[in-house]
Each structure stands twice: as structure tokens, then as C-alpha cells.
Amino acid sequence: MDVAKRIGSQDVSLRQLFPAARMISTPDMTVRRCSADASDCSPGDVFVAGIDDTPADEAAAEAVAGGAIGIITEQLLPVSVPQCIVADAREAYAHLVSELAGKPSQQMLSIGVAGIDGKTSTTLMVAAALRKSGLRVAYNCDLGRSDGIIQDVPRRPLSDAQDLTDWYADASDSGCQVAVVELSEAMLRSHAANGTSFDIMILSGDSDHAYLKSAQGGSLFSEAISHVRSKGLVILNESNAVAAQAAESSDLSILTYGTSQEADVVGRIMERHAGETTFLITAGDTTAAVRSRMTGDWMFHHQLAAAATALVMDFPLETVAAGLSAMEKIPGRMQRVASYTGPQIVLDDADCPERVMATINTLRKELPRRGKIWCIAACDHRRTATHAANLGYITERCSDHLVLTSGVSGTDEFLSLVHEMLDGVVAPAKPQLIANREAAIQWTINKATPNDLVVILGGWCPDSPRTIRAAIDADTKLAEQALERVEAIDDSEPVILPHPALLASM
């Protein structure tokens, strides 16, 4: 089936679905098939105009020529077929495709994850915790998706109402009891989720992110909360004042997580080691320990969000803790590359200044006393000049050695983009500039000592889950190959070991 067309199992009355709509040339319009792509319309389809950037009158004329028997539009169009005029075509499209599919999101517990940072990690952690509790769980995020049976990495990101409805329908057919979906800002702004009613909405991140202090960023949480059905639940970080304000203005129940004793689910980090964090989760009078291979304060809070979600469903805290402990890694999220004699290597998708600072500061806590942080940061044409300068400032300030290289934009625009990052650097002659990404990774690992840590910060193409995973896998392979060369050199040289008697006297 084309992603732009939905074929329903039963007729849908637009008069009943959109009672406030204005009908032109008909008292009602019955829909069995709808399409948002004018070039894909066939006889019997109802076309929804205004979903893409094509002028509505041109798209409607093409759809009618292809056999469309009706048009859903925001304005009266010069066509001969009946029209249904609605206030928002994207919102109407989302409700219509869901109705045609039989409202699949209502056939299981539906959990949405929204916010600025941590949506992907939180989505995967919630799915892992619930699977460990014995449920069949579907998930959909930036790194891939599952319908509860088959896991895959799609070519296209989840972007519109049709994609979301199709995934829910597949999850329903697979017998899933729970579906967890990452809601991007673009999806919320385009009303792609308007046909979905969520039982639980997780608002990830905290209020320290600069974007949330703007009116546009703050309204993101309100938009996500509007998709939660009555008597639903909002789960949020107790330190996120912006999300809390949005949730409190609704009639929904609120559950908080965090490190403060005022939170409903409380976490406390006990130990940090390279590649491992041990922390306690307390809910009520029950406490359980989690030994996680995913380190960092951000990951710690995402795991608390996952624990809070599972606890709401009355699963034992011990089972939830076991599910979180069993997760070994999330690609590109504080991902470790195994190293025995070379430096530690971490790949992380941090891109905003706040997250970069948190990532590097967390990694510094795991270093030996004389260890250094080597940071490989990518220049990216998608950033504004101010954003790039801020990243340059933060990466220089937080790391001991900074290497700037190419990312999504490739090497062609490297010189112009790198100057934008250098505008924020205090000592612009100090960072190492290496346009070739493979050479930058190899050079940095060669220079770093076994006590050091190399962190590769993003630079991966976000166009789709498949391109993201391919870029992360490519960097992982480059790092592994660089380590192999370093270890091969180390093995070829004699090693002088101190006498045991000297060790005993030290």
C-alpha cells in the first residue's frame, strides 16, 4: 500500500466525523479510501488537499482528473466534485486515516514520548522494561521500530498520520498489548498524532534546555498533552518546571520522577565506573538496585522515566530493575567501543550545548586521575551560526583536546562551517582541524593514551532511521579499526614490567 493512501474496512461518514465542517454540493460524504497525494488518486478516492506544499487548487484539479469523488480542504476550490471544508486539513487527515483503520491506537495501551532530548532512549528503555515484564510491546523511534514481532530499520522516518496509523495497525495485528512511540516536534506541529489518543504521555528532559524557555518550545509540551485521553497520565521529570506547568493546566494525573525526595519515583546514583553506573530506584517503601551499562546523568533520568511507566502498570520494582539492567547499549547514545589497551571510546548523539556539557562532564567523572578527554565534534550545515559558535565554546571548555571534522555536510563545506564553530572558541589555534572524518578518528585514537577517553559527538545524518544507524555503525567500525592498529603497534614493542617487590613497596 502506498504510504499516502488509506483503504478502510468500512465506510466513514464525514458529517459524523467532522460535524462542524461545511459540506459543499452534498449533505454528507462517505469515504472508503482517502489519499493525500493528488498524483496517486484513483476512481472512488477522497482527496485531502493541503497536506504538502502543492497549491491546493492545482492538487485538487489533478486529484479530480485521477478520479477523486470528493475533496477535503480548508478553502473552497474550483472543482466540480463535492467538498468538505474543515478548519485544519492535517488534523482532519489524521482523524480520517485513524477512523478508516478502525482506530488501532485504541486497541492497546498507547504511550507517547515527547520532549527536546532523550525521546529515543526513553522509548527504547520503556519498551525494554515492559517486555521484561512479559508484555508484547511495539515501539517506534529514530533508531528503528518493531510491531511486536519484527524489528526493522525503515528507510523513512515516522513523519505523518498515515505512517503512524499503519504502524499501529501492524502492532494490533501482531497482538501487541502496548505501543510506545517517539513523537518528534515536527509530528506534533503538523498534527500527525491528532488521530491518536494516548493513555500515557512521557515528557522527557528537564527545563534547563534553552529552547524550552521560548514560547514555541514551551508550547511543545502543551501540544503533546492535548493528545492524552481523559483520565490519562502524564509522566515528567520533577525538575522540569515548563512541562509541569503544562500538565497542571490539564485535568490529567501527573507522576514525577527525579532525584528529589519530592518525586514519586526517586533515583539515587551510588557508583560510577567506566561503562557502568549503579543506582537505586525507590517507589513508596520499595527500593531496587539497577546496574546499568549506559552511563550519564541523562541516561539515568531516562531510565527513571521508564521505571515510572512500568510501575504505573503495577509491575514489581524488582522486575522493572532487571529489565533496565539487561539493556546493554543504545546505538549512538553513550555507546561504548570495547578497548583493552587503547583509550576508552564513546559515541554520543549530543548536539545542543546543554547536552554536550552534560555528556563530557559525566565522562570526566569516569576517567583515571591523569586521563584526558579528546572530543571529536562535527561541523554541520543544519546549525545556525550562533548554535555552531556555542558548540565550539562548550566543546573547547569541557574537553582537554578538541578535534573538528566533517559530518553530514561532508568535506566540501568544511572550511566555511568550521569557522562558525571557531567563532565560539577562545583559543582558535588550539583545535585540530581534520576534514576527513576517518582520518580524524584515526589521528585522535593514535594520539590518546590508554588513560584517556575519546568521545565522538554526533555528525550523523538524521534523514531516516536507516541513515542514522548506518552512520553510527560506520563510526563504530572506524573506531574499532583504529583501535586494532593501535593495539597492533603496542603488541610489537617490548613491555617493561616492574619487579613484584617494587610494586609491594609502592
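F300 is buried, with a relative accessible area of 3%; buried here means under 20% relative accessible area, exposed over 50% and partly exposed in between, using a 1.4 Å probe and protein chains only. Keep in mind that this is a predicted model, where local features need pLDDT of at least 70, side-chain atom pairs count only at pLDDT 80 or more, and totals for chains, interfaces and linings use all residues. Residues are numbered from 1 along each chain as its sequence is written, and side-chain values use heavy atoms, with hydrogens and water left out.

Now for the aromatic pairs. Rings of Phe, Tyr and Trp (for Trp, its six-membered ring) pair if their centres lie within 6.5 Å; planes under 30 degrees apart are stacked, over 60 edge-to-face, and the rest tilted. That rule gives three aromatic pairs. Two of them are set out here.

| Pair | Centre to centre | Angle between planes | Class |
|---|---|---|---|
| F279 and F300 | 5.1 Å | 75° | edge-to-face |
| W374 and W443 | 6.1 Å | 70° | edge-to-face |

Helices (H or I, at least four residues) and strands (E, at least two) are DSSP runs, numbered from the N terminus. F279 is buried as well, at 1% relative accessibility.

The tryptophan pair also joins distant parts of the chain, with W374 in strand 20 (residues 373-379) and W443 in helix 14 (residues 437-447), 69 residues apart. W374 is buried at 8% relative accessible area, while W443 is partly exposed at 28%.

On to the cores. A nonpolar core is a set of buried Ala, Val, Leu, Ile, Met, Phe, Trp, Tyr and Cys residues joined through side-chain atoms within 4.5 Å. The largest one has 92 residues, and L130, I281, L324 and I345 have the most contacts inside it. Helix 9 (residues 297-312) supplies the largest share of this core, nine residues. There's also a second, separate core of 32 residues, with A114, A192, F221 and A224 among them.

Contact means heavy atoms within 4.5 Å. Setting aside neighbours within four places in sequence, L130 is in contact with I111, L135, V137, V178, A310, M313 and F315.

Last up is T122, which belongs to helix 4 (residues 119-132). T122 counts as buried, at 0% relative accessibility. Not counting residues up to four places away in sequence, T122 touches V113, I202, S204, H302 and A305.
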